[in-house]
Amino acid sequence: MVENATHELTRKFGHERVRGDTTEIVVNACRLVGKPIFFAVIIMLISFLPVFVLTGQEGKMFHPLAFTKTFAMVGVACLAVTFVPAMIPVLIRGRLRSEEDNWIVRSFINIYKPVLTWLMDVPAAGIWFMSFLFVLGAGFIGSPAFFVAVLAAALFFGCVFFRRIVAKGVAFSLLLVAATWSWHFPKLGREFMPPLDEGSILDMPVTVPRVSVTQAADDIRLRDMIMKSFPEVNQVVGKAGRADTPTDPSGIDMIETIVTLRHKEWWPKRGMRFDDALKEAGGLVESLQHRGMLNSNLPAADRDGLVNGATMAAMAAFDRTLRGLAQRRQVEYVPVVARELTLATVDDLLAILREKHLLKSEPSQPQREQLADALLKDHGLPLVEVPRREEMTRLLSALSQKLVDQGFVEASSDLLALPPSVLLAFEDYVATAVGGEKASLARELFDRFEGRLDEAWVARIRVLNWELEDQAGGTMVWELLTALRDQAAAGKVLAKSPTDEELQAVRAERSVLFGQSVFLWHRSKADIVKEMDTELQMPGWGNIWTQPIINRVDMLATGVRTMIGVKVFGPRQADLTEEVVENGEKKTVVKQPGIQTISNQIATVLRGIQGAVDVFPDQIVGRSYLQIDIDREKAARYGVNVADIQETIEVAMGGKAITTTVEGRQRFPVRVRYARDFWQTEDALRRTLVTGRRTQPAAAQDRSGMSEASAMASAAGMGGGDEIQIPLSEVADIQVVEGPSVIKSENGMLRAYVQLNVRDRDIVGFVEEAQRAVAAQVHLPPGFFIQWSGQFEHQVRAKKTLQIIFPLVILLIFVILYMTFNDFRDALLIILAVPGALVGGVIFQSLFGFHFSVAVWVGYIACFGMATQTGIVMLVYLHDAINNRGGLAKIGSLADLREAIITGAVHRLRPKLMTEGVAIIGMMPMLWATGVGSEVMKPMAAPVLGGLLVADEVIDLLLPVIFNWYQARRWRRLHPQRA
């Protein structure tokens, strides 16, 4: 609105001052762009319909963005057609500057106009360039069929418009070269959402179900100590088993350890690039060969293997050494900084008391230091280790009490209150009105404490980085030398075994130069997780690394605590076995595998796929059970009832309720059970006595005239006879057997999980490859089937939704464009901006390394609407340039038509620069943003920036050329005699 009105006023008044009533000029200028602006806003709103139809997590995440965008566009549209036109005659006054008066616009015009003029003469070149961009963009897509289709279309449209055979051949050859090049581009993967850095790590290792509480506690303490030794770690809190709640069915074999990380500004630089160490290892090999310690005629393959193996071993040792040094320096600095900050807090409180005129006498510097030392252990150190406002409150209370005890102040109720002031009263009033927290002395001093703590640690880390850099060169060279000696000795390629003194001489020669040329880098969070995983390779434990929030979300949404889970369903848990005789030996063979075996087979296949980490199948079998099989023949022989045996087992192990006591409204069962020493072990349980009856021989009973039924009853222990005590082992077989630790089911079927995470590749691509591998290598018996679950399910669901709604939205946009211009070719011409935006978005997305995700597609959606809006404005200016010359009927020649179109395109250059400039300035900070949430903003911003830049090239260069082509055909029909 403003730009077009300014342009018309400039045409009317030139370099003179704007005077008089300009309402009519402004109204005509606003009327020209009013309808296109309205429909452009409608199109941008419609382009966000795919976001509104998203469901699940993606819907909850991006619906607020879509609503905000919609409300903002509606508000802007209302202001653009109401308030802005009314203000233009009032505010647009004085001398106005044309496009050529601005050096930025003038510079772009001087470049754009000659290029556009040349493309008018050679339109095939512009079409070929766009075909070239489409081929480049298709190279980043992993679908071969899509690449072939784009290449075929690019070869056709990029060559058919050239008139000469030579030009067609050159264009065809260049496109084939570009296709060959782009085919080898790294392919873009797919995932649901970019992983959000929560600033913490969740370690969820699993072990065998039979682990004891003592062993689990010892292992978790050891794991916590190792993780706490990392200088980037602030706090480690581990939990084994489940809490005292029925909603957390975790076994003792599952650990949850939350690792809280420090601020990234507090992380020391202690990481070295692998390539730098690899290069130095190669130089050390040459030095050792020159000194006669290594064989000089090593084959290239053996030399490369020696260098790579030694570098990997040296990198692990180097990381361990620098990690330990950095952690020691941090531990040493904690008491120092705690004392400094405690003393600063003492000075802050004294300053406030002095301002309130409550100090009776001024403490001297030694007295203030004595106060700080007295508070250091109980309050200063805890505040530095885990800063909390509650601890600051306790520190101030203890400090004020000491000041009172030493007579520096008098006890009063307002001793720890802020000095009264008008500003403080106003802040308290506002906080009360909005429900906020009122200002307090503890909060103010705690904020100062945190600021000083951050400054102190940043300064300390700067000094620590210098120390680490000084140590890095010599440490790495030494670790490489020792690793090369060990690797060469194992490979039997040592010419002679070097001593430590000889290696030290090589180290002194190489470490100075290497230390000056190499740099240390901050470890990323992914690097820290890999390093922890390496250090925590403990027998019997399987590591699973995730984050606290996403872990809970995944478990609630999919039931899996990792990125991916394979659900194995089947009718049985254990294997079906049978005994066979082979070569005279009896063997037990598996006839049909169970869920546990199938899960182990799937886990074996998944471990061989690139990107799979933390692969761990559920250990269904592994719990020890005491199995007691009653021998009924022996029980009958001893005159013992089966019920008596079962009752003895119940009383001995579980306890049996014999009565109930009534105490008021409460009832308490009274249970009888053996002492723990009499049943805790298998041998003790075997000695448990069972009551039987000694019966007379059957022959004697027959001679006494006893009936056959009476004899049978007596033999069964139901007759008379003396009571005897029989060990339980005489009438039952007692053994400890392996059984299921937990029986998991879903939809009435037995189920087990194979859990894993994916690292350094896209999740959806990994799942597709894993599904093919498992289907090819794992045979499922009848009744068994598997289901894949995890984060990728959300991506698949969102993809299905977008595949349906996206074509409908494009069709609806096309209909609105046709309603705007009442011309099928104009609407189709503007739609060309959409694939141009797609190509630009793909190129920028690949440059920044983002996979396809819901966040990326939201960026594309926003880009499509903006590109379509820009195309509408361009087409409006092109039609206006023709209408200003009386329309096609009054244009005298094709040269005049071309000149009019070029003029209209150049006229559109200033609003384009303003629009693009605002968008780029607004989006650029998102690409380099840091902190929580930046992982989602960056993938959204990259397609928007790339799509705008490439779509604008399509609009600025290709759209006027194609517009000129079909407008020239219309002009020839109107002027057949001139054509």
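**Strand pairing and surface patches**

Guide: Strands E21 (residues 745-746) and E22 pair antiparallel over two bridges. Pairing needs at least two DSSP bridges between the strands. Strands (E, at least two residues) and helices (H or I, at least four residues) are DSSP runs, numbered from the N terminus.

Visitor: Before we go on, how are residues numbered, and what kind of model is this?

Guide: Numbering runs from 1 along each chain as its sequence is written. The model is predicted: local features need pLDDT of at least 70, side-chain atom pairs count only at pLDDT 80 or more, totals for chains, interfaces and linings use all residues, and side-chain values use heavy atoms, with hydrogens and water left out.

Visitor: Which residue stands opposite Met749 in E22?

Guide: Glutamate 746 does.

Visitor: And what phi does Asn747 take in that hairpin?

Guide: A positive one, near 55°. The hairpin of E21 and E22 has two residues between the strands.

Visitor: How many bridges join E11 to E22?

Guide: Seven, and the two strands run antiparallel. E11 covers residues 564-570. Isoleucine 564 has leucine 756 of E22 as its bridge partner.

Visitor: What about E14 and E22, parallel or antiparallel?

Guide: Antiparallel, over four bridges. E14 spans residues 612-617. Proline 617 sits opposite valine 754 in E22.

Visitor: How many residues of E22 are buried?

Guide: Eight of the ten in E22 (residues 749-758), so the strand is mostly covered. Buried means under 20% relative accessible area, exposed over 50%, partly exposed in between (1.4 Å probe, protein chains only).

Visitor: Switching to the surface. Which residues make the nonpolar patch?

Guide: Leu49, Leu811, Leu812, Val815 and Met819, over about 410 Å². Patch residues have over 30% relative accessible area and no salt bridge; like charges are joined within 9 Å, nonpolar side chains (Val, Leu, Ile, Met, Phe, Trp, Tyr) within 5 Å. Areas are Shrake-Rupley with a 1.4 Å probe; for residues, only the protein chains shown count as cover. A salt bridge puts a Lys or Arg side-chain nitrogen within 4 Å of an Asp or Glu carboxyl oxygen.

Visitor: Which helix gives the most to that patch?

Guide: H28 (residues 792-821), with four residues. Valine 815 lies in H28. Valine 815 is partly exposed because its relative accessible area is 37%.

Visitor: Which residues gather in the positive patch?

Guide: Arg825, Arg969, Arg972 and Arg973. Lys and Arg count as positive, Asp and Glu as negative; His and chain ends are not counted. Charges are placed at NZ of Lys, CZ of Arg, CG of Asp or CD of Glu. Helix H34 (residues 934-974) gives the largest share, three residues.

Visitor: Is Arg973 buried or exposed?

Guide: Exposed, because its relative accessible area is 54%. Arginine 973 is in H34.
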